[in-house]
Amino acid sequence: MATAGDITGKITLKGKPAPEKQLPVANDPFCGKLFAGKPIPTTRFYVVDANGGLADVFVYLKEGVTSKPAPPAEPVKLDQKGCEYLPYVLGLQTKQKLLVSNSDPLLHNVHPTPTVAGNKESNRAQAANQAPLEYMFDNPEVFLRFKCDVHPWMFAYVGVVDHPYFAVSGKDGTYKIANVPPGDYVIEMVHRKTHPSGKGTTQKMKVGPDGAKADFTIEAAAQ
Amino acid sequence: MTRSPDNPWLHRFAVLTAVSTLALIGIGGLVTSHGAGLAVPDWPTSYGYNMFLFPPSYWVGGILYEHTHRLFASFVGLLTTVLAVWLWIKEPRRWLRWAGVFAFFGVVFQGVLGGLRVTLLENSLGIVHAAIAQLFVVLVSLIALWTSRGRALAGASRGEGVVVSKGLLRLMVFGTLLIFLQLILGATMRHQHAGLAVPDFPLAYGKLWPAMDPASIEAYNRNRLDVFDPNPITAFQIGLHMIHRLGAFACLVLVGLAAWFSRARLGSQSTQAKLCMLWFVLVVAQAGLGAATVLSNKAADIATAHVVLGAASLVMGAILWAMGLPVAAPATQETECRARADGIPAISSGEPKAALSPN
């Protein structure tokens, strides 16, 4: 087998997105207390750095993956902290464990709302300091939404794919998909707001032993 | 056991049940407007507690709305049970006794349905739950009407009610049914948790009829930056919203015509014409609240008022409809005497029926 390479790149946002909105954390006095004298958190629709690097973009190989390794034993972690889900966007392989914890000193409920048949919806309470709740999804779904109905501004979006070749862009907009076998692929990037239907922007690419590079530029919604 | 159709306390209790049911629909509207339908994930317990012992310190965020809805629904269930038993013991009209029994089973079914919506995580059950709530408030309101003194005595004395012309009755029937369809459409939109499918009014995305092709839908969704990040809208949801607007216009026309004709045929001083005018005012206010719901970006209090006024409009239509129908009731000697004593005139079958006051 040829040596695997990494796919790297950067997602750049063109244009100025609409200003983010403050979350109504005071709707729950317990959440409100967490932010007494502190800045109120805002929505995270467009997390952009000074150079236009766009965070929270899910990037994955959409076509061309022939070998699909078993999911890693290491679980992916999602936390509830400050009455928000952290991180906002994450990736998960089908049948890989996802552990959802609650670091807040208050009650949340954890409610994944899949839309793909075979991925199970559930709604479970999670008190402060309770053991993490475990989830696993059988079918690919980009994005699978987690919400909290006690605090209806809390969301996390999970990109679930049936192989390990995915990444989420960081604060500077860069991403890295590691150990991709050489071959021809279609890579797709999906952002929650610029691609609300879940159909992202794609590129055809060839990955060699030295890896490959795929940058994307997308435009913010017109104001 | 003495049974009499003239039982003022039973009537007052039926009115209390109807008003409480309307309030319950309002609390249900708050639940959906705040996206809190699943804030308590278990049922019939609340976070593992007996529902009635759930500590108030937990009543925060979405839990406050959902748990209050459950407790108030239990209260309405209790009222309905008492009403059904009371009717069964005291009411001479058999069909009305069975209406009470039907209401009892209706409220039980509705409660279980609400619980199943939570445990089965099924949005469509929420729509059915909302539709049955509307039918239920109509039923208990009609029980309140039928137990009213004037109605009971009119039925008992002559076996007939206030009969309006067939054309006017038809307008009332169509108006009421259309309002019910509008309420089901509204419930369908609310329970899809997609927020406002069309964010502007009186135009729709700047046009008389919005574009609904996939590229336009994608563009609409890209511009939706709501704190509560509702589900992306679809062309189907935009279509529903537009039909709801057209339906509102049709309701205004039908109810407006009903108000106009009832005034022309029955006279401006007749109770029925006055109630019909009140019905029209309710529907006009309801249309205004619908517009305000859009313009306020579905502010929870305005959207909830829209739900409550919709239910009140439906009840008013159903009451007017019922008042226009003949009352089939066996007269008892006691109520016949009572009617005479109260000065209700004896009218032969050939006399104008509208002369009876509907009260």
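Are Arg192(A) and Asp229(B) buried or exposed? Both residues are buried, where buried means under 20% relative accessible area, exposed means over 50%, and partly exposed lies in between (1.4 Å probe, protein chains only).

This is a predicted model, in which local features need pLDDT of at least 70, side-chain atom pairs count only at pLDDT 80 or more, and totals for chains, interfaces and linings use all residues. Residues are numbered from 1 along each chain as its sequence is written, chains are lettered from A and ligands numbered from 1 in the order in which they are written, and side-chain values use heavy atoms, with hydrogens and water left out.

Start with chain B. It has 11 helices and 0 strands. Helices (H or I, at least four residues) and strands (E, at least two) are DSSP runs, numbered from the N terminus. Along the sequence, the pattern of chain B reads α-α-α-α-α-α-α-α-α-α-α. The chain holds 359 residues, and 52% of them count as buried. Contact means heavy atoms within 4.5 Å. Among the contacts in chain B with a separation of 6 or more, 78% come from residues 24 or more positions apart.

Two helix pairs show the packing. H1(B) and helix H2 (residues 61-90) of chain B pack at an angle of about 160°, with their axes 9 Å apart. Axes here are lines fitted to C-alpha atoms, for helices over the stretch in contact, and angles run from 0 to 180 degrees between N-to-C directions. H1(B) and H2(B) are therefore roughly antiparallel to each other. The cut-offs are under 35 degrees for roughly parallel, over 145 for roughly antiparallel, 65 to 115 for roughly perpendicular, and oblique for the rest. The crossing of H1(B) and H2(B) is left-handed. A crossing is left-handed if the near helix is turned anticlockwise from the far one by less than a right angle, and right-handed if clockwise.

Now the second pair. Helix H9 (residues 271-295) and helix H10 (residues 300-323) of chain B pack at about 155°, their axes 9 Å apart. That makes H9(B) roughly antiparallel to H10(B). Their crossing is left-handed.

Return to helix H1 (residues 8-33) of chain B, which contains Thr32(B). Thr32(B) is buried, at a relative accessible area of 17%. A polar atom of its side chain lies 3.1 Å from the backbone oxygen of Gly29(B). Leaving aside residues up to four places away in sequence, Thr32(B) touches Arg190(B) and His191(B).

Next come the charged pairs. Side chains of opposite charge can pair when their charged atoms come close. A salt bridge is a side-chain nitrogen of Lys or Arg within 4 Å of a carboxyl oxygen of Asp or Glu. The whole structure has 13 salt bridges over all chains. One of them joins Lys68(A) and Asp162(A), at 3.0 Å from N to O. Lys68(A) lies in the loop between strand E2 (58-63) and strand E3 (76-81) of chain A, and Asp162(A) in the loop between strand E11 (155-161) and strand E12 (166-168), so the pair ties together parts that are 94 residues apart in sequence. Lys68(A) is partly exposed, at 45%. Asp162(A) is also partly exposed, at 29%.

In chain B, Arg149(B) forms a salt bridge with Asp6(B), with the closest N and O atoms 3.2 Å apart. Arg149(B) sits in helix H5 (residues 149-158) and Asp6(B) in the segment before H1, 143 residues apart. Arg149(B) is partly exposed, with a relative accessible area of 36%. Asp6(B) is buried, at 9%.

What of the opening pair? The side chains of Arg192(A) and Asp229(B) meet in a salt bridge of 2.9 Å, N to O. Arg192(A) lies in the loop between strand E14 (183-190) and strand E15 (201-207) of chain A, and Asp229(B) in the loop between helix H7 (214-222) and helix H8 (235-266) of chain B, so the pair joins two chains. Arg192(A), Lys193(A) and Asp229(B) are linked in a network of salt bridges.

Thr194(A) is placed in the loop between E14 and E15 of chain A. It is buried, at 5%. Its contacts include Glu218(B) and Arg222(B).

Finish at Phe155(A), in strand E11 of chain A. Phe155(A) counts as buried, at 4% relative accessibility. Among the residues that it touches are Tyr85(A), Val227(B), Phe228(B) and Asp229(B).

Methods
A polar contact is a pair of N or O atoms within 3.5 Å; within protein, one must be able to donate a hydrogen and the other to accept it, and residues adjacent in sequence count only if both atoms are side-chain atoms.
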